[in-house]
Protein chains: 14
Amino acid sequence: MEAAMGTIALGAGLAVSIGGVGVGIGMGIAGGRAFEAIARQPEVGGDVRTLLFITLAFLETVIIYGLLIAFMLVGNIG
Amino acid sequence: MEAAMGTIALGAGLAVSIGGVGVGIGMGIAGGRAFEAIARQPEVGGDVRTLLFITLAFLETVIIYGLLIAFMLVGNIG
Amino acid sequence: MEAAMGTIALGAGLAVSIGGVGVGIGMGIAGGRAFEAIARQPEVGGDVRTLLFITLAFLETVIIYGLLIAFMLVGNIG
Amino acid sequence: MEAAMGTIALGAGLAVSIGGVGVGIGMGIAGGRAFEAIARQPEVGGDVRTLLFITLAFLETVIIYGLLIAFMLVGNIG
Amino acid sequence: MEAAMGTIALGAGLAVSIGGVGVGIGMGIAGGRAFEAIARQPEVGGDVRTLLFITLAFLETVIIYGLLIAFMLVGNIG
Amino acid sequence: MEAAMGTIALGAGLAVSIGGVGVGIGMGIAGGRAFEAIARQPEVGGDVRTLLFITLAFLETVIIYGLLIAFMLVGNIG
Amino acid sequence: MEAAMGTIALGAGLAVSIGGVGVGIGMGIAGGRAFEAIARQPEVGGDVRTLLFITLAFLETVIIYGLLIAFMLVGNIG
Amino acid sequence: MEAAMGTIALGAGLAVSIGGVGVGIGMGIAGGRAFEAIARQPEVGGDVRTLLFITLAFLETVIIYGLLIAFMLVGNIG
Amino acid sequence: MEAAMGTIALGAGLAVSIGGVGVGIGMGIAGGRAFEAIARQPEVGGDVRTLLFITLAFLETVIIYGLLIAFMLVGNIG
Amino acid sequence: MEAAMGTIALGAGLAVSIGGVGVGIGMGIAGGRAFEAIARQPEVGGDVRTLLFITLAFLETVIIYGLLIAFMLVGNIG
Amino acid sequence: MEAAMGTIALGAGLAVSIGGVGVGIGMGIAGGRAFEAIARQPEVGGDVRTLLFITLAFLETVIIYGLLIAFMLVGNIG
Amino acid sequence: MEAAMGTIALGAGLAVSIGGVGVGIGMGIAGGRAFEAIARQPEVGGDVRTLLFITLAFLETVIIYGLLIAFMLVGNIG
Amino acid sequence: MEAAMGTIALGAGLAVSIGGVGVGIGMGIAGGRAFEAIARQPEVGGDVRTLLFITLAFLETVIIYGLLIAFMLVGNIG
Amino acid sequence: MEAAMGTIALGAGLAVSIGGVGVGIGMGIAGGRAFEAIARQPEVGGDVRTLLFITLAFLETVIIYGLLIAFMLVGNIG
């Protein structure tokens with residue numbers, strides 16, 4: 001068990017961070033397009049805001065799963 | 001079994017995170033385009049919202065499969 | 001058999017996740033373009049919805065094959 | 001034979017997933033452009049639908065070949 | 001011969017999948033542009049369809065060559 | 001435990017930094033689009049500002065999770 | 001000779017597949033632009049078709065060379 | 001402890017630099033879009049300037065976290 | 001000499017394929033632009049055709065050099 | 001300590017250079033957009049110049065942090 | 001000398017092929033733009049043709065240098 | 001000390017070159033946009049020239065830091 | 001000295017080829033834009049031609065430096 | 001010292017070539033935009049030419065620094 005700890009830590013670090021590349025870009029695109037939509041058509045602001053929150057929540061799940069696996073892996077160290 | 005644990009953890013970490021790059025970008029594109037569509041044609045808001053949820057659900061499955069394999073791999077550690 | 005388990009797990013993790021990069025981006029593009037098409041021409045909504053589901057289903061198969069191989073590989077661990 | 005199993009599994013995992021990056025993006029582009037074409041010119045819907053299915057089928061073959069090799073490789077494990 | 005089997009399998013897996021990245025994207029671009037061309041100028045539908053099939057066939061050869069080498073390599077395993 | 005410390009540190013370093021690639025680009029896109037939206041439609045400034053803060057907060061969580069795992073890993077060194 | 005077989009197979013696999021990334025994208029671009037050209041100016045259809053075949057043939061040579069080297073390498077295995 | 005120092009240093013170096021790729025591009029996009037917004041609508045200059053500072057501050061946190069982990073790792077060397 | 005054969009084969013495989021990525025994309029761009037040029041200005045068809053052949057020939061040399069080195073390397077195997 | 005010096009130097013070199021990829025592109029985008037803004041609306045030149053300096057200063061901090069860690073690592077060599 | 005032959009061959013293979021990625025894309029862009037220029041302004045055809053040949057010749061030198069080094073390296077094998 | 005020299009040299013080489021990728025692209029973008037701005041609005045030439053020099057100077061610092069670390073590392077060789 | 005020859009050759013091969021990726025793309029962009037400029041404004045042909053040669057010469061220096069280092073490294077083999 | 005020579009050569013090769021990727025693309029962008037600017041506004045030709053030379057000179061410094069480090073490293077071989 002001792003010998004494998006370093007690689008387990010590496011796995012935990014990658015689990016929580018690689019997905020963040022896509023999630024970060026995705027949140028930026030979603031948010032940015034929402035601002036544009038509101039600026040172009042202010043009266044749909046409520047609809048867009050609701051959908052933006054739902055999209056961000058879905059995006060959050062992607063990184064949360066990575067965090068979950070990272071926690072489970074970290075629990076095996078030490 | 002002991003010796004392979006580190007690499008199994010690495011596999012689990014990669015399983016849950018690499019797919020997240022594409023899923024994150026995909027959710028951002030889908031969400032962002034949905035806001036644009038609603039802003040341009042507010043009366044199709046209901047249709048677009050339904051399709052957005054379906055698209056997000058399909059995207060969610062991609063990352064869930066990765067999570068599933070990661071769970072199965074983590075179950076082999078410790 | 002014992003010694004190879006780590007690498008088998010790595011193969012399973014990669015099998016289910018690398019394809020997800022393309023599938024995630026592809027689902028996002030397909031979904032996003034579908035919203036645009038509906039917003040521009042609401043009366044083709046039914047046609048586009050049907051084709052979107054078929055495209056998403058084809059995309060789903062790509063990741064399912066990866067999941068299938070990952071299952072077969074995981075079955076060889078432990 | 002025992003010693004090589006891990007690498008064979010890695011090969012199977014990569015065979016079924018790397019191609020999925022391109023196939024996923026390609027299906028998304030093809031599908032998305034088809035929705036646009038139908039929205040711009042609804043009366044060519046039938047033609048476009050047929051061609052979309054053929055394009056998706058060709059794309060499917062790319063990933064199927066990867067799956068085929070992955071099956072053949074998995075058959076050598078265990 | 002035994003010792004090299006893992007690497008042969010890796011070569012087979014990469015042979016059939018790396019090319020798929022380009023072939024997948026290429027098929028998607030070719031197909032998508034064909035839909036656009038038909039939507040813009042429906043009367044050239046026949047010409048475009050024929051050329052699309054020829055382009056897809058050329059693209060298919062690229063992945064078939066990879067499959068061929070993969071088969072030859074797999075034949076050396078086991 | 002001693003031997004694995006270097007790899008644990010590598011995992012901590014990657015955990016906090018890889019996700020930053022996506023988060024940085026995402027924050028830049030979201031912020032930049034917000035400025036554009038305000039310049040195009042100054043009266044939606046309040047709405048956009050609120051949504052921008054929410055988007056930035058979501059993006060911040062992505063990197064915070066990475067920081068969290070990095071802290072947990074660093075705690076195992078020394 | 002025995003020991004090097006795995007690496008020879010890897011070389012064969014890469015020889016036939018890496019070039020396919022560019023050839024696949026290139027065939028897709030060439031084909032797609034040809035459809036566009038025919039749709040915009042149907043009377044140059046014959047010229048474009050001839051040039052498309054020549055371009056595809058040149059692209060085919062790129063992958064054929066890779067296949068040729070792969071065959072020569074495979075001939076050294078087993 | 002001695003043996004791992006090199007890898008710890010590598011982790012510290014990567015922690016502070018990989019995130020900088022995204023943060024640098026993000027700051028450039030945010031700043032550049034702010035200049036555009038001010039040039040297009042000079043009277044929203046105050047609003048945009050405030051939001052730009054907030055966005056830059058959020059971006060700064062991303063790299064500061066990396067610096068923090070790098071400091072903690074460097075503290076374990078020597 | 002025996003021990004190095006695998007790496008020589010790897011060099012041969014990479015020599016003939018990496019350049020193909022650029023050559024493939026380049027041929028596709030050159031060809032595609034030629035079709036566009038002919039469609040926009042049919043009377044320069046002859047000029048463009050001649051220049052396209054020259055450009056394709058120059059592109060072909062790039063991959064031929066790779067093939068040449070690959071042949072010379074393969075000649076050292078076996 | 002002696003044995004790890006090479007890797008420490010590698011860490012120092014990467015710390016100061018990887019972030020430079022993003023910072024360099026970011027400075028170029030920010031500067032380039034500032035020139036555009038001034039050319040389009042010369043009377044906001046003062047505002048844009050001030051904001052450009054602030055953005056460049058923020059970007060400079062990103063690379064300075066990398067330099068700082070690199071100095072601390074170099075101090076451990078020799 | 002014997003032991004290093006494989007790596008020398010790898011160096012030769014990379015020398016002649018990596019540069020080809022850029023040269024191939026560059027030749028494609030240069031050629032493609034030349035066709036466009038001739039189609040837009042047929043009377044500058046002579047000028048553009050001369051400059052295209054000069055640009056292609058400069059591009060050819062890039063790959064020739066790689067070929068030259070590859071020849072010199074191959075001369076050290078066998 | 002002797003054993004680590006190669007890796008120190010590798011660190012020096014990477015320190016001075018990786019950042020150059022971003023700095024080179026950034027200088028090209030900044031310069032190119034400056035030419036455009038001057039061509040569009042010749043009377044702001046003086047302002048743009050001053051800002052271009054400042055931007056180029058900031059970009060130069062990025063690569064100078066890399067050069068500095070490279071010098072310090074090279075000083076440890078030999 | 002004998003043992004390091006392979007790696008020296010690898011360094012020579014990379015020195016002459018990696019830079020070629022950027023130089024090739026850069027020459028293509030510079031040349032392509034020059035053709036466009038001449039087509040749009042034929043009377044500046046002389047100016048553009050002179051500047052194109054200067055730009056190509058600067059680009060050539062980049063690859064020549066790589067060739068120079070490659071020669072110096074090759075001189076140490078054999 | 002003998003043992004490290006290969007890696008020193010690798011460092012020299014990378015020092016002079018990696019930066020060339022960015023410098024090459026940057027020179028191409030700067031030059032190309034300069035041609036455009038001159039074609040659009042021929043009377044600013046002198047200003048643009050001067051600035052282009054300054055930008056190219058700054059870009060040249062980036063690759064010269066890499067060459068400098070490469071020389072210093074090569075001086076340690078043999």
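Q: How many residue pairs are in polar contact across the interface of chain N and chain M?
A: This is a predicted model, in which local features need pLDDT of at least 70, side-chain atom pairs count only at pLDDT 80 or more, and totals for chains, interfaces and linings use all residues. Residues are numbered from 1 along each chain as its sequence is written, and side-chain values use heavy atoms, with hydrogens and water left out. A polar contact is a pair of N or O atoms within 3.5 Å, where within protein one must be able to donate a hydrogen and the other to accept it, and residues adjacent in sequence count only if both atoms are side-chain atoms. Across the interface of chain N and chain M, with both residues at pLDDT 80 or more, the number of such residue pairs is six.

Q: Which residue forms a salt bridge with M:D47?
A: A salt bridge is a side-chain nitrogen of Lys or Arg within 4 Å of a carboxyl oxygen of Asp or Glu, and the rule finds two of them across the interface of chain N and chain M. For M:D47 the closest N and O atoms are 3.2 Å apart, and the partner is N:R49.

Q: What is the area buried between chain N and chain M?
A: Buried area is the accessible area (1.4 Å probe) that two parts lose on being put together, summed over both. Carbon and sulfur atoms give 78% of the area buried between chain N and chain M, and the value is about 3,400 Å².

Technical notes:
Chains lettered and ligands numbered in written order.
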